[in-house]
Amino acid sequence: MTNGGGLLPIIALLPFLGALIPGIMIRAGRNASAAFTAVPTIIALAMLGVLAPQVMAGEVLTAQIAWLPQLGLSASFFLDGLGLLFAVMILGVGLLITLYARFYLSGDDPMGQFYTYLLLFQGAMLGIVISDNILLLLIFWELTSLSSFLLIGYWKHLPEGRQGARMALAVTGSGGLAMIAGMLILGNIAGSYNLTDILQQGEAIRASDWYLPALILILLGAFTKSAQFPFHFWLPHAMAAPTPVSAYLHSATMVKAGVFLMARMWPVLAGTDAWFYIVSITGLVTMVLGALIALFKDDLKALLAFSTVSHLGLLTMLLGFGTQAAAVAAVFHIINHLTFKAALFMTAGIVDHETHTRDIRRLGGLAKFMPITALIGTVAALSMAGIPFFNGFLSKEMMLEEASHTLWFRNDWIVPVLATLGALLSVAYSLRFIFHVFAGPARDDYPAKPHDPPFGMYAAPAFLCVLVLAIGIFPALAEPVVTMAASAVTGAELHPHLKLWHGVTPALFMSIIAVAGGAILLGLHRPLDRAWQAAPRPEAKAIFDATMAGAVAASRALTEGLHNGAISRYLAIFVAATVALTWIAFSGGTLSPPTRPLLPVAPVVMVGWVLLVAAAALVVFNHRNRFRALVLIGIIGLMISGGFVYLSAPDLALTQISVETVTIMLLLLALHFLPKTTPVESSAGLRLRDGAIAIAAGVGVAALTMAFLMRDFDSISDYHLANSYEGGGGTNVVNVILVDFRGYDTFGEIIVLGIAGLTIFALMEALLSGPAARRLRNTDYSQDRSRDRHPLMMVVATRAMLPIATMVGVYIFLRGHNQPGGGFVAGLVISIALLMQYMASGFGWTQTRQRVEYHSMIGWGVLVAGLTGAAAWLGGAPFLTSIYGYIKLPWIEKFGLGSAFLFDLGVFLTVLGAVMLMLYSLSRIARYAGETVNIEPMDYDPSLKSELKKPGEE
Amino acid sequence: MELLVASSVGVLTAGGVYLILRLRAFAVILGLALLSYAVNVFLFSTGRLMVNAPPILQKYGDASYTDPLPQALVLTAIVISFGMTAVLVMIALGAFLEADHDRIDMDDDTATGPAGEEPGA
């Protein structure tokens with residue numbers, strides 16, 4: 001679904017695809033790497049060039065690729081005037097930075113990595129400005145935080161770089177989280193996550209009750225990204241990055257993302273008092289504060305960083321004013337700030353590169369040594385100061401003009417005065433950049449001998465300075481672009497006229513005051529600086545570090561308090577919390593009166609209940625004697641089976657009793673190696689606490705059970721009862737549900753069981769190849785072993801039992817569809833019959849007679865069940881649809897046979913294989929523990945007379 | 001009858017919870033076994049209790065049947081909980097053989113001496 005925007009997804013994708021290449025091309029040299037970085041950028045720019053005429057004509061191009069429509073998430077892009085302006089700035093400056101970085105970075109720096117990060121970041125930024133879907137926009141937004149982290153921390157060996165990157169990520173990332181919440185609210189109000197829809201619904205959104213929370217959350221995201229007070233502190237610390245990164249992130253991209261977002265949301269969010277005061281006050285405070293700090297910074301890049309903070313404040317303030325003229329001024333200043341600030345950062349980088357210092361106190365008089373750099377720096381700095389004939393002047397005049405008639409709380413002088421103060425400070429630090437770096441007497445103590453860099457390095461800033469002058473002298477050049485972007489911001493048809501001379505206006509006087517005051521301030525810089533350095537100021541990094549340390553300490557205390565490695569503690573907390581939550585939920589509602597009468601209690605049931613409760617209590621009190629506890633567990637299992645019989649659940653009774661048997665066997669086998677008793681370890685208080693938790697949980701569950709047992713309910717089972725015979729061909733509804741109605745569940749469950757069996761086998765294998773194997777070999781278990789390990793009576797009895805038990809198993813399996821039984825029970829019964837052979841005749845004897853591998857039995861089981869289900873596809877029916885018919889064989893009664901039978905066979909095989917594999921694995925450990933492998937079935941064979949004579953000799 | 005079933009579930013749950021809060025693997029296994037019983041009976045009883053009405057369709061007459069669906073769910077649950085117990089037993093056994101004790105909490109200072117030889121059963 002596109003509207004002339006078919007190229008947009010490609011444009012968005014290009015930088016990410018391109019990011020794969022520089023890292024590889026670096027092997028071909030640094031020039032190749034840089035060239036290949038430029039390729040996707042140039043292609044993307046060319047594509048934008050193709051689309052530009054339509055956008056300039058006022059069209060909005062869209063492209064949409066459905067992604068997760070259920071979540072309202074689509075990869076949809078759109079391009080309007082604002083998006084085009086930013087896209088061109090991002091790609092254009094990206095290109096200049098690519099060139100500049102090629103010369104700036106030294107041979108020791110991994111340049112391929114740098115270009116990869118740069119393209120990733122460029123792609124993320126580009127994604128923000130052309131995303132139509134706000135969820136997609138949020139993804140790109142977070143990507144800028146991540147990729148800028150990589151760029152800022154590029155010099156991994158510098159602690160400042162790492163700390164600065166972390167700080168930037170923490171601040172902008174947390175702002176991004178707030179913005180996600182805000183955007184989701186916004187999407188909920190508008191009923192769509194597409195920007196093009198949201199932008200149409202400004203009125204509804206502003207009228208909504210959720211407007212203020214959404215506004216605050218979104219602004220948090222924008223303010224953190226654009227380094228607005230009080231989140232401004234991360235930006236100067238991000239200056240630890242290589243200068244090309246600073247020039248890119250802090251002039252055209254990263255920090256402008258916040259401004260872009262405010263401009264993008266302007267038609268929706270602006271125009272209310274809340275927007276006006278929050279945004280304009282934040283902007284103005286940031287502008288003045290940033291400028292003030294910048295004046296007293298001695299590091300060139302820190303000066304520029306705080307000046308960037310100040311100019312971002314200016315932009316924010318203009319957007320906050322909420323008038324169309326202010327929006328025009330903001331758009332124009334975005335362009336101007338980009339040109340001079342990128343040039344200034346690059347100039348600072350050149351000075352640093354050539355003199356090996358950025359400390360203004362050690363510089364001065366550089367104009368003699370590096371005239372070209374000085375010229376570039378001067379032009380850009382004059383523009384930053386807002387001197388006529390440089391482009392900064394034009395937008396600054398417009399800003400002052402807007403400020404001059406803005407009222408805060410009906411006060412008509414505070415905004416103009418503060419705006420003028422900001423401009424004045426801006427002039428002062430701009431002039432300081434010129435006079436304290438380039439002008440003045442030449443010095444002879446530069447750390448390195450300064451000279452102009454090669455053309456490649458100053459080409460980019462020089463190009464930007466040409467733009468500065470061109471726009472500054474012929475403002476009409478920028479008019480079409482400003483018109484296009486400002487119209488897109490405001491959503492109205494605007495026709496601004498950019499002029500050099502506006503006549504004698506208040507703004508002119510404010511400008512004159514600013515320039516004059518700035519010059520005076522520069523003159524007074526030395527004493528002022530001394531006073532500033534002496535004054536106590538809050539140190540942002542210290543505050544941030546302390547906050548972070550506090551947060552880390554608090555999380556650590558919480559984590560270690562809850563998660564101290566004691567699982568009994570987690571479980572106690574978990575159970576107690578569950579009981580508490582349930583109680584809260586329960587006490588919040590009402591209980592309907594009981595509708596079911598109680599069933600009478602037969603005496604035999606009473607006996608069973610007494611046995612069960614007594615056994616459960618005895619398990620708890622006797623659990624330290626492990627064998628006794630196992631016997632008691634067996635009693636509980638038996639009683640529960642009996643209960644199932646009584647309460648009309650014969651299938652469950654059969655399953656329970658056979659599972660009970662194998663469980664006890666398993667635990668007995670394990671207990672052979674484990675300690676036979678549990679020592680007293682927990683204190684009486686702890687046991688009392690656990691007892692209280694346990695009783696609370698027990699009472700809660702009992703009450704819950706009682707509550708629903710006394711009330712009627714609607715069940716979907718009527719359907720199963722009605723269709724079991726006609727649809728499933730069986731009269732045992734439980735079995736039909738298992739193999740037919742809910743066959744998919746059963747299929748999953750046998751797979752789980754098979755996996756459990758294989759897991760145990762794998763655990764055993766790992767165990768036997770580790771230190772445990774040595775320990776097993778060296779432990780003597782013989783003292784607790786009977787001398788008659790394979791008693792004659794048991795061998796004979798199990799031998800006779802095997803065919804009978806197998807027959808019972810087969811019978812249970814076959815009748816399962818119509819009578820209690822089925823694959824699960826049959827599998828368990830047959831595994832018990834086989835286990836008896838292992839127990840009676842020994843592992844080795846049985847193992848040699850085992851023909852089928854248990855692993856493959858599990859595999860066959862799952863396969864048979866799966867194929868049976870898949871066979872339904874052949875008939876065009878969905879997976880696991882069953883078919884059945886009746887077969888009449890001679891001498892046997894007519895019986896029904898259906899695909900469910902085959903499915904149940906799969907269940908049977910899996911259960912048998914899994915259970916056997918589990919117990920087989922455990923008994924293999926026994927072999928390791930020095931148990932002899934008997935070939936003969938009986939230790940004592942009466943048919944061999946020689947052994948009869950001396951039975952005690954084995 | 002309902003009271004007996006509900007109280008059985010409660011007693012089994014209480015016993016199971018108390019045992020899983022112990023410090024040794026074997027007690028935890030016993031506790032989980034009790035909890036499995038409790039959960040299975042609990043699930044089974046969500047179909048409400050009926051006597052002499054197994055969900056086996058009768059050819060004649062207008063027989064009433066108990067709810068078969070919870071039974072089907074519990075049937076697989078019983079088998080799966082056996083599988084779970086088996087895996088747990090294997091892990092406990094492995095831990096005991098490797099670490100020489102079957103404590104479940106990961107306190108560094110508890111790794112002292114073979115567990116089986118401690119007095120005070």
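Residue A:T355 lies in helix α16 of chain A, which covers residues 324–355; helices here are DSSP runs of H or I with at least four residues, numbered from the N terminus. The model is a predicted one, in which local features need pLDDT of at least 70 and side-chain atom pairs count only at pLDDT 80 or more, while totals for chains, interfaces and linings use all residues. Residues are numbered from 1 along each chain as its sequence is written, chains are lettered from A and ligands numbered from 1 in the order in which they are written, and side-chain values use heavy atoms, with hydrogens and water left out.

Beyond its neighbours within four places in sequence, A:T355 is in contact (heavy atoms within 4.5 Å) with A:L363, A:L366, A:P447, A:A448 and A:P450. The side chain of A:T355 also reaches the backbone oxygen of A:T357, at 3.1 Å.

Charged pairs come next. Side chains of opposite charge can pair when their charged atoms come close. A salt bridge is taken as a side-chain nitrogen of Lys or Arg within 4 Å of a carboxyl oxygen of Asp or Glu, and by this rule there are 16 salt bridges over all chains. One of them joins A:D352 to A:R358, with 3.6 Å between the closest N and O atoms. Here A:D352 is buried at 16% relative accessible area, whereas A:R358 is partly exposed at 22%. Another salt bridge brings together A:R361 and A:D359, at 3.0 Å from N to O; A:R361 is exposed, with 57% relative accessibility.

Elsewhere in chain A, A:R689 and A:D690 form a salt bridge with an N to O distance of 2.8 Å. A:D690 is buried at 0% relative accessibility, while A:R689 is partly exposed at 36%. Which residues are linked in a network of salt bridges? The network takes in A:R626 and A:E681 together with B:R24, B:D102 and B:R103.

As for the domains of chain A, the assignment gives domain 1 (282–523) and domain 2 (735–941), the bounds coming from an automatic or database domain assignment. Taken over C-alpha atoms, the centres of domain 1 and domain 2 of chain A are separated by 82 Å.

Technical notes
Buried < 20%, exposed > 50% of the residue type's maximum accessible area, 1.4 Å probe, protein only. Helix = DSSP H or I, 4+ residues; strand = E, 2+ residues; numbered from the N terminus. Polar contact = N/O pair within 3.5 Å; in protein donor to acceptor, adjacent residues only side chain to side chain.
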